[in-house]
Amino acid sequence: MRGFLLNRLSQSLVLLVIVSIIGFGILNLLPGGPLAQFGLDPGMTQQDIERLKGLLGLDRPIWIQYLDWAWRLVHGDWGHSFRDGAPVLQVIGSHLFATLLLMGSSTVIAISVGAWIGIRGATRRYSLFDYLATVGAMVALSVPTFWFGLVGIYVFSLKLGWLPAGNMSEIGDDSILGYLHHLILPSVVLSLVHVAIWSRYMRTATLDAISQDFVKTARAKGLSERRILMKHVVGNALLPMITLAGMQLPSILTGALVTETVFTWPGMGRLFLDSLGYSDYPVVMGLLMFSALLVILCNLIADVVVALVDPRIRLA
Amino acid sequence: MTRQPTTTSNYSRRDALRMMAIGGAASLIAPNLLGKPAFAGTTTKPTGRVVVGLSQEPTVFNPLMAHIEVDDAVHFSVFDALVRMDPEGVLQPNLAAEVPSQKNGGISEDGLNWRVRLRDDVHWHDGEPFTAEDVKFTLELITNPKFRAWRTSGHSLVEDIKVVSPTEITWRMKEAFAPYLSFLAETFMVPKHILEKEADPNTAAFNQAPIGTGAFKWNQRVAGDHIELVANPDYVGDGPYVEQLVFKYIPDMTVLYTQFKSGDVDLVDQSYITADHYAEARDLPDRVVTLETGASLESIYLNLGRPQFKDLAVRQALYAAMDRKAIVDTIYYGVGTLTETFMPKESYYYNPNLPVQEFNLDRARQILDEAGWVPGPDGIRAKDGVRLSFTNSTTSGNNLREQTQQFLQQTFAEIGVEMKISNLPPAVMWGEFWLKSQFDTAMVGVTYLIAADPDATNRLHTKAIAAQGGHGSNTGQYSNPEVDALLEKGARIFDPEERRGIYNRVQEIVRHDLPFLPLSALTNVLGRKKGLDGFEPNANTRTASWHAAGWKWKA
C-alpha cells in the first residue's frame with residue numbers, strides 16, 4: 001500500500017509539472033496578452049504599457065517567468081491576479097462556494113437518478129423503460145447543455161414564471177429558500193448529461209454483475225430476487241462507479257463553463273472564462289493547477305477506496 | 001491642401017454660458033451640480049435601492065491602479081476627485097473649493113505653478129478628515145515607479161508638491177500642460193492614513209475594500225456576481241438619495257437586457273442595451289430608453305504606414321465609397337450619429353463647420369482614375385506596383401461590425417478596391433497587433449480625448465507613433481507637421497476660447513487628411529426604470545453611473 005502511494009504520488013508530481021509547462025506555454029503563446037485590455041484607452045501611452053509590463057514581470061524571457069512562477073508555487077505563493085492584485089487563492093476561494101453549491105447538487109441528482117435508472121434498466125432489460133432510458137440518455141448526451149439551459153429559461157422562467165432566469169440569489173435576499181429556488185433550474189440542466197452518463201455505466205455494471213456465478217449460486221440458494229439485487233448485484237456493480245466518481249468529482253470544484261454563463265452563476269467556470277479573456281495569467285494558471293491537483297487527488301482516492309472496499313483488489 | 005481661415009463664428013448663447021463657467025464663474029451660473037447649497041438645512045434619509053447592470057465585472061477598486069471603463073462606475077461612486085467634468089464639458093469643483101484657473105490665481109501665468117484650495121469639511125468613510133496631505137500622497141503614489149498606476153501622462157510633470165495648510169496644496173509643473181486640469185477630474189483621491197501603512201500598494205487590503213470620500217461607502221462584494229455600496233450619510237455634496245447602490249455583473253449582453261426587461265436591473269450601464277434591442281426597448285412600459293452619444297468615434301482606421309494609403313486620393317475615394325447612412329440605418333438599427341470629426345459633439349471644442357461626406361461611387365472612381373490608379377486584369381486597381389488591396393480587422397464576434405465589413409467589402413469592390421476581412425479575438429486584436437500598427441485597416445471605436453480634454457496628441461502627434469519608436473497611441477501612424485505644431489501649442493494654452501480656435505483648426509486639417517474614415521459617433525442605448533430621477537448622461541465620462549449621488553426614486 002505504501003509503495004503504491006509513493007509510486008502514484010511521484011507519477012502525479014511529474015504530471016503536474018508537465019501540465020504546468022504546457023499550460024504556461026500555451027497561455028504565453030497567445031498573442032495579445034494581459035495588457036491588450038488597455039489598447040484602446042486613450043490615456044494609456046505606449047510608455048505606460050511598457051511600465052506595467054515591467055511591473056508585472058512580463059518583459060522577462062518566458063522560461064524565467066515560468067521558473068519564477070513555479071518556484072513561488074512550490075513555496076506556497078500562488079501569486080496575485082494581474083487584474084486587481086488580489087492573491088490567486090483568495091480569488092479562487094471567492095468563487096468556490098457558488099460552484100460547490102451548483103455542482104454538488106447536480107452531482108447528487110446525477111448519481112441518485114442515474115443509478116436508479118441504470119439498475120432498473122438492467123433488471124428490466126429490453127423493456128419499454130429500458131428503451132426510453134437509452135434513447136433519453138443518447139439525447140441528453142448529444143444535445144449541448146447550453147441549449148437545454150436556454151430552453152429551460154424560456155419555458156420555466158419567461159413563459160411559466162416559476163423559476164428565476166439566472167443568478168445565485170436575489171440581491172438583498174440571503175434566505176436558504178431563495179438560494180434553493182435559484183438552484184433548481186441550473187442544477188437540473190447540468191445534471192442531465194451526468195444522469196445519462198451515470199445511468200449508462202450503472203446499467204452496464206449491473207448487467208455484468210447479474211451474469212456472474214455468485215448470482216446463480218444465490219438464486220440456487222433460494223434467496224429472494226430483491227435480496228439478490230440489493231446485496232449481491234448492486235454492491236458489486238457499484239465498484240466501477242467509485243472509479244467513475246473519482247473522475248467526475250473534480251468537476252464539482254472546477255465548475256461548468258457553459259452552464260455558469262447561461263445562468264449567470266458566479267462560479268469557477270465564469271472565473272476561468274473571464275480570466276482567460278483578460279489573459280490574467282496567474283489566475284488562469286492557478287485554476288489550471290487547482291483542477292489538475294483535484295483530478296489527480298480524486299483518482300488516487302478512488303483507487304484507494306476501491307481497494308479498501310473490495311478485498312479482491314490488492315494495491316501493489 | 002487648401003486651407004481656410006477659421007474665423008467663422010459658431011458661438012451660441014449656450015457656448016457663451018459655458019465660456020463664463022469655464023472662466024471661473026461656475027458657481028454663479030452653472031447649476032450647483034456637485035456642491036450642496038450652503039442653505040440646505042434638512043437632509044432626507046436615503047431610501048431604496050438601485051441595481052445597475054454591467055456586462056463586464058468591475059474588479060479594480062483602487063482608482064489609481066490600471067483599470068478599465070467598467071471599474072469607473074464604482075470609482076465615481078466611492079471616491080471624489082479634486083474636480084469633476086459635468087455633462088456640458090465644464091469642470092466643477094469637487095474636493096477642491098474652486099477650479100484652479102489663471103483668472104483666480106490657481107494657475108500661474110506661465111502655467112507652471114499650481115495652487116489648489118480644498119474644502120475643509122470632507123471626511124473619509126472611516127471618519128478621518130480629508131486634507132492636503134491626502135492629495136500629496138495620491139499624486140506621489142501615481143508616479144511611484146513600483147506602483148501599477150493607470151495613466152501617468154501629466155502626473156509625471158508634477159514636482160515639488162508642497163502642503164501649505166490642510167486645505168491648500170501647491171506644486172510645480174515641469175512644463176505648461178493645460179490638459180492636466182481635466183486629467184485631475186479622473187484622478188480620484190485615496191486616503192494617506194490607510195495606504196501609507198501598506199508595504200506594497202499593489203496588493204493592499206484597501207484595494208479589495210476601498211475607503212473614499214464619495215457619496216457611497218463600500219459594503220461588500222460577491223465575486224463574479226455583484227458589488228454592494230451603501231449611502232454615505234456624511235457626504236458633503238448633494239445626495240445620496242438612495243440607500244443602497246448595487247453593481248450587478250451580467251456577462252451576457254442579451255441576459256443583461258432580459259434582466260432589464262424583467263425588472264431585475266434598474267439601470268443599464270456598460271456596455272448598455274445592444275442596438276438590435278433598441279426598437280423593442282423603446283416601447284417597454286415603465287422604462288426610459290434613450291440614445292446618448294459617447295466619446296468615441298466608430299471609424300475605419302487606416303495604417304498610413306501601408307503604401308496603399310499614402311496617397312490622399314485613395315483615402316478620399318474610400319471615404320466617398322462609404323454609404324454611412326445606409327450602414328447606420330440598416331445595420332445599426334438607426335443607433336449612431338454621423339459625424340466628420342473625432343471631437344465628440346458634446347465637447348465645447350467640437351467643430352460643426354466641417355465638409356460633410358457624400359456617398360458617391362462615381363466620384364470615388366473618378367478620384368482614383370485621376371490619381372492614376374488603374375484597374376488591373378483582376379479588376380483591382382493598382383499604381384506603381386501597389387495593388388489597392390488590404391485587410392480589415394476588428395474584434396471577432398461583434399455582429400454589427402462584421403455586417404458593416406461585408407457591406408463595405410461590396411461597395412469597395414465596385415470601385416476596384418479589394419478589402420479582405422480577418423477578425424481577431426479582443427485580447428489579440430488590441431495587443432501588439434493594434435498598438436504596434438501591424439494591421440492594414442481596423443474597424444474600431446476610438447476615443448481621442450483623455451478625460452474630455454481636447455488635446456489629442458496621444459492619437460495624432462508624430463511623436464506618438466509607437467511603431468516608429470514614439471511614446472503614444474498614434475497607431476494609424478498619422479503625421480502632419482502643422483497638426484503637431486497646433487497640438488503642442490494647444491497643450492500649453494489655458495484659455496478655453498483660444499484653445500477652441502486651435503482644436504477647430506486641427507479638426508479641419510484632420511478632416512482634410514482623412515487618416516481615418518469616420519463612420520459614426522458611438523451611440524449608446526441607455527435604459528432605466530421610470531421613476532428613477534436625477535439621472536444624467538455624461539459623454540465626458542466613461543460611465544453612466546458617474547453621478548449616482550443624484551439618483552432618487554420618485555416618491
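Is Thr138(B) buried or exposed, and at what relative accessibility? Thr138(B) is buried because its relative accessibility is 0%; buried means under 20% relative accessible area, exposed over 50%, and partly exposed in between, with a 1.4 Å probe and protein chains only.

## Basis of the model

This is a predicted model, in which local features need pLDDT of at least 70 and side-chain atom pairs count only at pLDDT 80 or more, while totals for chains, interfaces and linings use all residues. Residues are numbered from 1 along each chain as its sequence is written, chains are lettered from A and ligands numbered from 1 in the order in which they are written, and side-chain values use heavy atoms, with hydrogens and water left out.

The predictor assigns the complex an ipTM of 0.83 and a pTM of 0.86. pLDDT is the predictor's confidence in each residue, from 0 to 100. Chain B has a mean pLDDT of 90, and 92% of its residues reach 70 or more. In residues 1-14 of chain B, pLDDT stays under 50, and the model has 22 contacts beyond four places in sequence for them. Residues 19-42 of chain B also have a pLDDT below 50, with 35 contacts in the model beyond near neighbours in sequence. Contact here means heavy atoms within 4.5 Å.

## Chain A

Chain A contains 13 helices and zero strands; helices (H or I, at least four residues) and strands (E, at least two) are DSSP runs, numbered from the N terminus. Its C-alpha trace spans about 85 × 60 × 35 Å along the principal axes. Of the 316 residues in chain A, 47% are buried. Among contacts in chain A with a separation of 6 or more, 73% join residues 24 or more positions apart.

## Nonpolar cores

A nonpolar core is a set of buried Ala, Val, Leu, Ile, Met, Phe, Trp, Tyr and Cys residues joined through side-chain atoms within 4.5 Å. The largest such core has 164 residues, and Phe342(B), Tyr448(B) and Leu460(B) touch the most other members. Helix α13 (residues 281-309) of chain A gives the most to this core, contributing 10 residues. A second, separate core has 38 residues, including Met85(B), Leu91(B), Leu157(B) and Leu181(B). Beyond four places in sequence, the contacts of Leu460(B) include Phe342(B), Tyr448(B), Asn474(B), Asp484(B) and Phe516(B).

Thr138(B) belongs to helix α3 of chain B. This helix, residues 132-142, is mostly covered, with eight of its 11 residues buried. Among the buried residues of α3(B) are Asp134(B), Phe137(B), Thr138(B) and Leu139(B). The elements covering the buried residues include β5 (158-165), β6 (168-173), α4 (180-183) and α5 (192-195) of chain B. Apart from residues up to four places away in sequence, Thr138(B) touches Leu64(B), Thr187(B), Phe188(B), Met189(B) and Val190(B).

Strand β6 of chain B holds Trp171(B). Leaving aside neighbours within four places in sequence, Trp171(B) is in contact with residues including Leu139(B), Asp160(B) and Tyr180(B).

## Other residues of chain B

Arg499(B) is located in helix α16 (residues 496-513) of chain B. Its contacts, leaving aside neighbours within four places in sequence, include Ala178(B), Tyr349(B), Asp453(B) and Asp455(B). Gln220(B) lies in strand β7 (residues 216-222) of chain B, and touches His226(B), Ile227(B) and Glu228(B), not counting residues up to four places away in sequence.

The table gives the relative accessibility of residues discussed above.

| Residue | Relative accessibility | Class |
|---|---|---|
| Thr138(B) | 0% | buried |
| Trp171(B) | 2% | buried |
| Arg499(B) | 4% | buried |
| Gln220(B) | 34% | partly exposed |

## A helix pair in chain B

Helices α9 (residues 324-331) and α11 (residues 399-414) of chain B pack at an angle of about 145°, their axes being 11 Å apart. Axes are lines fitted to C-alpha atoms, for helices over the stretch in contact, and angles run from 0 to 180 degrees between N-to-C directions. The contact involves Ala326(B), Ile327(B) and Ile331(B) of α9(B), and Leu400(B), Gln403(B), Thr404(B), Phe407(B) and Leu408(B) of α11(B).
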